[in-house]
Amino acid sequence: MASYDVIVIGAGPGGYVCAIRCAQLGLKTACVEGRDALGGTCLNIGCIPSKALLHASHLLHEAEHNFAKMGLKGKAPSVDFPQMLAYKDDVIGQNTKGIEFLFKKNKIDWLKGWGSIPEAGKVKVGDEVHEARAIVVATGSVPSSLPGIEIDQKTVVDSEGALSLSKVPKKMVVIGAGVIGLELGSVYKRLGSEVEVIEYLDEITPGADAEVAKTFRRILGKQGLSFTLGAAVQSVETARNKAKVTYKLRKDDSEHTVDADVVLVATGRKPYTDGLGLSDLGVEMTERGQVKTDAHWATNVKGVYAIGDAIVGPMLAHKAEDEGMAVAEVIAGKAGHVNYGVIPGVIYTMPEVASVGETEETLKKAGRAYKVGKFPFMGNARAKAVMQAEGFVKILADKDTDRVLGCHIIGPGAGDLIHEICVAMEFGAAAEDVALTCHAHPTFSEAVREAALACGDGPIHS
Ligand code: NAI
């Protein structure tokens with residue numbers, strides 16, 4: 001039995017970042033992880049591997065569709081899928097080994113195995129019980145399938161299975177037009193699959209700015225993805241490595257069936273707290289199975305904290321990371337804080353989609369007077385030079401004070417561009433502050449400045 005200041009349970013982006021910050025703040029820290037590699041869902045079966053496949057398949061798309069136009073002639077590359085998966089696995093290995101290195105560097109003990117909390121102040125891993133002044137639950141989330149649909153990770157897969165298919169399917173049906181469905185649907189479309197996305201709601205990407213969602217669907221449609229909206233999937237039947245997906249159209253209750261070689265179920269995720277013993281410990285949970293925490297990530301049980309996908313809020317790696325750093329500070333007696341109003345969201349398709357803060361819909365609902373500054377990438381020289389001039393930047397600012405309230409970008413590099421606005425919002429900037437900041441030419445970021453100019457006297461290039 002060892003004794004620690006802090007034991008973090010789970011080594012995903014929330015947990016490992018928390019452990020590192022705890023150690024940096026001088027706390028004796030251990031992190032429990034049962035997987036063979038550190039990094040959690042994000043590094044092993046989520047964000048990072050999917051980005052490797054998105055990158056490789058994007059380059060294939062460029063070779064097939066744009067190289068000749070740029071004067072690059074020759075045979076387009078063909079897909080060696082096992083090699084692409086090996087590349088993805090190598091990327092995973094580099095990243096998870098990197099976390100192992102950081103643990104060693106910061107003298108964090110990796111307690112290998114699945115942890116539970118038999119009583120406050122104690123964490124059990126295998127047969128060993130360790131003591132800790134503070135315990136942080138950072139156990140993340142797992143895919144939540146639909147009732148009656150069995151995930152076999154071959155014909156019917158979730159995001160994990162979709163990253164390790166044995167071959168590129170001829171026809172893929174994606175259930176759910178959320179982030180996972182669209183990112184992985186894009187990958188397989190580019191690799192040659194016919195991809196049909198079935199979505200319950202009447203628009204893709206629930207919660208996104210409506211204008212962005214509409215533009216995004218149009219662009220993805222041009223790339224060859226097909227969408228069936230307003231359709232509730234009822235069942236998926238499998239026989240001899242094929243699947244039949246049955247859905248009901250909400251507008252008239254009519255039932256339809258589509259065939260698929262692979263069905264990707266991407267209908268959301270749910271908090272994962274199985275086996276921790278939280279209910280015996282008396283930890284309060286929400287109705288949706290999230291661990292209840294106060295403003296300092298403390299549960300109702302003294303010394304037990306929780307962060308990331310296991311608690312309320314957007315299920316995003318960077319939200320978990322921020323909470324991990326903040327709770328470490330709280331445990332170390334400092335003032336940890338997360339600004340939940342400035343958490344960007346990015347969809348890593350091509351083009352990327354990024355957002356932060358309010359949407360027009362949330363502002364209307366709140367009855368807040370706002371103005372819109374919009375600029376299309378068609379007016380951005382750099383975007384045209386690289387044949388990525390689709391999309392726009394939209395900045396929402398307070399009508400009276402000009403303070404930036406939100407930003408929505410669909411276009412090249414959106415996932416990086418959004419951070420200029422995140423910083424602006426953290427500093428309480430006005431759109432004019434962004435508009436008066438010199439932006440290098442020619443960069444995509446000029447489109448952000450032009451959108452900020454559009455909140456005032458108007459953009460130059462449109
Ligand atoms: P999601 O919540 O983003 O989307 C699920 C979609 O499935 C919704 O549009 C919903 O209406 C639809 N749906 C639910 N039941 C249905 C039914 N019976 N028939 C048809 N459609 C149905 O969930 P997703 O994409 O699985 O992602 C899970 C979580 O992981 C999200 O919180 C997401 O933010 C996060 N994530 C974030 C990434 C990023 O930041 N780039 C990448 C991957 C995941």
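Colleague: Which helix is D280 found in?
Modeller: D280 sits in α8, which spans residues 278-281. A helix here is a DSSP run of H or I with at least four residues, while a strand is a run of E with at least two, and both are numbered from the N terminus. Before we go on: this is a predicted model, where local features need pLDDT of at least 70 and side-chain atom pairs count only at pLDDT 80 or more, while totals for chains, interfaces and linings use all residues. Residues are numbered from 1 along each chain as its sequence is written, and side-chain values use heavy atoms, leaving out hydrogens and water.

Colleague: Why is D280 called exposed?
Modeller: Its relative accessible area is 76%. Exposed means over 50%, buried under 20%, and partly exposed in between (1.4 Å probe, protein chains only), so D280 counts as exposed.

Colleague: How far is D280 from E119 in sequence and in space?
Modeller: They're 161 residues apart in sequence, yet 8.7 Å apart in space, C-alpha to C-alpha.

Colleague: How do you know which domains the protein chain is divided into?
Modeller: The bounds come from an automatic or database domain assignment. That gives domain 1 (3-143 + 270-331), domain 2 (156-267) and domain 3 (345-454).

Colleague: What makes K51 and E183 a salt bridge?
Modeller: The rule asks for a side-chain nitrogen of Lys or Arg within 4 Å of a carboxyl oxygen of Asp or Glu. For K51 and E183, the closest N and O atoms are 3.0 Å apart, so the pair qualifies. Across the interface of domain 1 and domain 2, the rule finds one salt bridge.

Colleague: What area is buried between domain 1 and domain 2?
Modeller: About 1,400 Å², with 69% from carbon and sulfur atoms. Buried area is the accessible area (1.4 Å probe) that two parts lose on being put together, summed over both. In domain 1, I45, L54 and F81 lose the most, together 38% of what that side buries.

Colleague: What makes a nonpolar core, and which residues touch the most other members of the largest one?
Modeller: A core is a set of buried Ala, Val, Leu, Ile, Met, Phe, Trp, Tyr and Cys residues joined through side-chain atoms within 4.5 Å. The largest has 55 residues, and F103 and V136 touch the most other members. Helix α1 (residues 13-24) gives the most to this core, with seven residues.
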